[in-house]
Amino acid sequence: MPEFISKLQYKTCEDGEYYEEKSRTLDETITLIKEFPWVREQYADVELTGPSVTILDSQGNYLKAGIYFGGRFSLYYLDTKNHFYELKQINIDKVYNAVIELFNGQIDLQSFKKHSLEFGKKNYFLTKNFEYGIKLWKVIMISVFWNSAFIFLLFLSVAAIQMKPAEISIIFIIPTLIIGRIIARILKNTTGSETNI
């Protein structure tokens, strides 16, 4: 009996965030689907990003059983050639049948709707790493920047006491724009999932 990788996605998960990913037999996969908290996960996204059980067969094909409105289910199938199929508003028995067919290597796609020109669908089936970290040099750069900005603004405030109102506005507007640009660049460069301190 083959074992295929299966994994769980809940309504609080981000795209590509999965739990309990491991190889399972057909019986273990059916049990996983039966024990999935479908009722608790209702009122969530009913598309590819919603609560689901995703199965990867030994050939590289994906079958995702997801939640749908009114206690119904959806099936999404992505083959190795990135052809994407979906079947919506089905009952749980059809989900079980599709899983059995997948394990037998002959899934019937006759009732599925095939989508053409669907790009990037594979990203919804792949597991992504959600470990976020920072680099030490970025922490130092941000600390130096904020300390420098504070000292500069303190200097401007002391200098502003001796200036006319028009000079004060020019002195504060230009540095504010420059500092804002620098902050935007720092924030843009620090986003992402980098590790290593």
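Q: In which sense do strand β1 and β3 pair?
A: Welcome to a predicted model, where local features need pLDDT of at least 70 and side-chain atom pairs count only at pLDDT 80 or more, while totals for chains, interfaces and linings use all residues. Residues are numbered from 1 along each chain as its sequence is written, and side-chain values use heavy atoms, with hydrogens and water left out. Strands (E, at least two residues) and helices (H or I, at least four) are DSSP runs numbered from the N terminus, and two strands pair if DSSP finds at least two bridges between them. Strand β1 (residues 4-9) and β3 are joined by five bridges, and their sense is antiparallel.

Q: Which residue of β4 stands opposite isoleucine 55?
A: Strand β4 (residues 62-67) runs antiparallel to β3, with five bridges between them. On the β4 side, the residue opposite isoleucine 55 is leucine 63.

Q: How many residues of strand β3 are buried?
A: Buried means under 20% relative accessible area, exposed over 50%, and partly exposed in between, with a 1.4 Å probe and protein chains only. Strand β3 (residues 52-56) is largely enclosed by the rest of the structure, because its buried residues number four of the five.

Q: Which strands stand at the edges of the sheet?
A: Seven strands form an open, antiparallel sheet in the order β2-β1-β3-β4-β5-β6-β7. Each edge strand has a single partner, so one side of each is left without a neighbour in the sheet: these are β2 (19-24) and β7 (113-115).

Q: How do α1 and α2 run relative to each other, roughly parallel or roughly antiparallel?
A: Axes are lines fitted to C-alpha atoms, for helices over the stretch in contact, with angles from 0 to 180 degrees between N-to-C directions. The axes of α1 and α2 come within 10 Å and cross at roughly 155°. Angles under 35 degrees count as roughly parallel, over 145 as roughly antiparallel, 65 to 115 as roughly perpendicular and the rest as oblique. That makes the two helices roughly antiparallel.

Q: How many residues of the contact of α1 with α2 are nonpolar?
A: Contact means heavy atoms within 4.5 Å, and residues including Ile30 in α1 and Val99 in α2 meet here. Ala, Val, Leu, Ile, Met, Phe, Trp, Tyr, Cys and Pro count as nonpolar, Asp, Glu, Lys and Arg as charged, and the others, Gly among them, as polar. Besides one polar and one charged residue, the number of nonpolar residues is nine.
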